[in-house]
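Notebook open, structure loaded. I'm starting with the overall fold and then going into the helix packing.

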Amino acid sequence: MVQISDPAARLADDKADQSEMKLAGLALIVTAYFLFACLDTSAKYLVATLAPLQIVWMRFATNAGFAILAFRAWHQPMRFRPMHPVLQTLRALCLGGATFFNFFAVKYLQLAETSAIFFLAPFIVTALAGPFLGEWAGIRRWAAICVGFLGALLIVQPGPTGFQPAMLLSLCATFSYSFYLILTRLLTRDETAESMTLLPATILAIGLAPIGLSVWQPVPDLLSWIILCATGLFGAVGHWVLIKAHQKTAAPTLAPFLYTGLLWMVMFGFLVFGDIPGTKTLAGAAIIVASGLYLFRREKQVKIPSSQPLER
């Protein structure tokens, strides 16, 4: 006898599978920003004794090494062939700029301060999405962006008492990362996840080698060596987990969890460095988080048109 499957049961199973994938995606995104917080914490620890450019180079050199081993790149090299080498290179430079400015910033600022300023990236990306991707923001999204900048101003505190020049480094890192995200969204239409993970690290590891080696300082102890190598592992795994999370769960669902990184940063800043964020830093961060959550909630209500391939 042939059993006739129950449509209601199939629908229930599908909903259960979707729910499990969504939960898995949320777990992955939280893990990704935990790893990125570990990366920034490691950088802040290392800049006390090592040159920032040395750390930046080692971060990408070890990242490339871990990625080559994990992907077994020698088996299927065609997976890593870039369809748009110029844009891939530009994307790598933006990531390198974000890392460079951020590693210099954490030498002088608390982790909570650098991360709160860095979380302006979603607002900058929304503003740039119109001219670069053809996705224009409406008045409500612009209002959310403006509120986010007010939160950043509260943290930066322009004036002789609150402003620190190192905050400009964090702002430069934020803009570099925003262009990196724009190019990432553009290139995912044609490029493989493997190429977008490995190529930036390889390009930067080779390009920064002369500078990184020229400023090389002796690593003081075994712990510093372990942390220095771990920066590449945190970066490689963090970006890969981020990609996997977006494969399992819709971006609007994942986006608000970007701000869990702020919680990790504050926690690590307190546990590792004894940094207690000030009231204005916490208030500014709260404003940025609130406006970001509003912005992403608006994004859930808008259907994004299907992407078209790039001209080759």
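This is a predicted model: local features need pLDDT of at least 70, side-chain atom pairs count only at pLDDT 80 or more; totals for chains, interfaces and linings use all residues.

Reading along the sequence, I get α-α-α-α-α-α-α-α-α-α-α-α-α. That is 13 helices and zero strands, where helices are DSSP runs of H or I with at least four residues, strands are E runs of at least two, and numbering starts at the N terminus.

Residues are numbered from 1 along each chain as its sequence is written, and side-chain values use heavy atoms, with hydrogens and water left out.

**Whole chain.** I looked up burial: 47% of the 312 residues are buried (under 20% relative accessible area, 1.4 Å probe, protein chains only). The exposed surface comes to about 15900 Å², with carbon and sulfur atoms supplying 69% of it (Shrake-Rupley, 1.4 Å probe). Of the contacts with a separation of 6 or more, 90% join residues 24 or more positions apart; a contact means heavy atoms within 4.5 Å.

**Helix α8.** Next I went to α8, residues 193-207. Its 15 residues reach 22 Å from first C-alpha to last, close to the 21 Å expected at 1.5 Å a residue (1.5 Å times one less than the number of residues). Eleven of the 15 are buried, so α8 is largely enclosed by the rest of the structure. Among the buried ones I noted Met-196, Leu-199 and Pro-200.

**α8 against α2.** What angle do α2 and α8 pack at? I read about 140°, with the axes 8 Å apart; axes are lines fitted to C-alpha atoms over the stretch in contact, and angles run from 0 to 180 degrees between N-to-C directions. The two are therefore oblique, the class left over after under 35 degrees (roughly parallel), over 145 (roughly antiparallel) and 65 to 115 (roughly perpendicular). Their crossing is left-handed, i.e. the near helix is turned anticlockwise from the far one by less than a right angle. On the α2 side I listed residues including Trp-57, Phe-60 and Phe-71, which meet an α8 set including Thr-197, Leu-198 and Ala-201.

**α3 against α7.** I then checked α3 and α7 (residues 166-187), which pack at about 155° with axes 8 Å apart. That makes α3 roughly antiparallel to α7. Here too I logged a left-handed crossing.

**His-84.** Buried or exposed? His-84 is buried, at 9% relative accessible area.

Technical notes: Buried means under 20% relative accessible area, exposed over 50%, partly exposed in between (1.4 Å probe, protein chains only).
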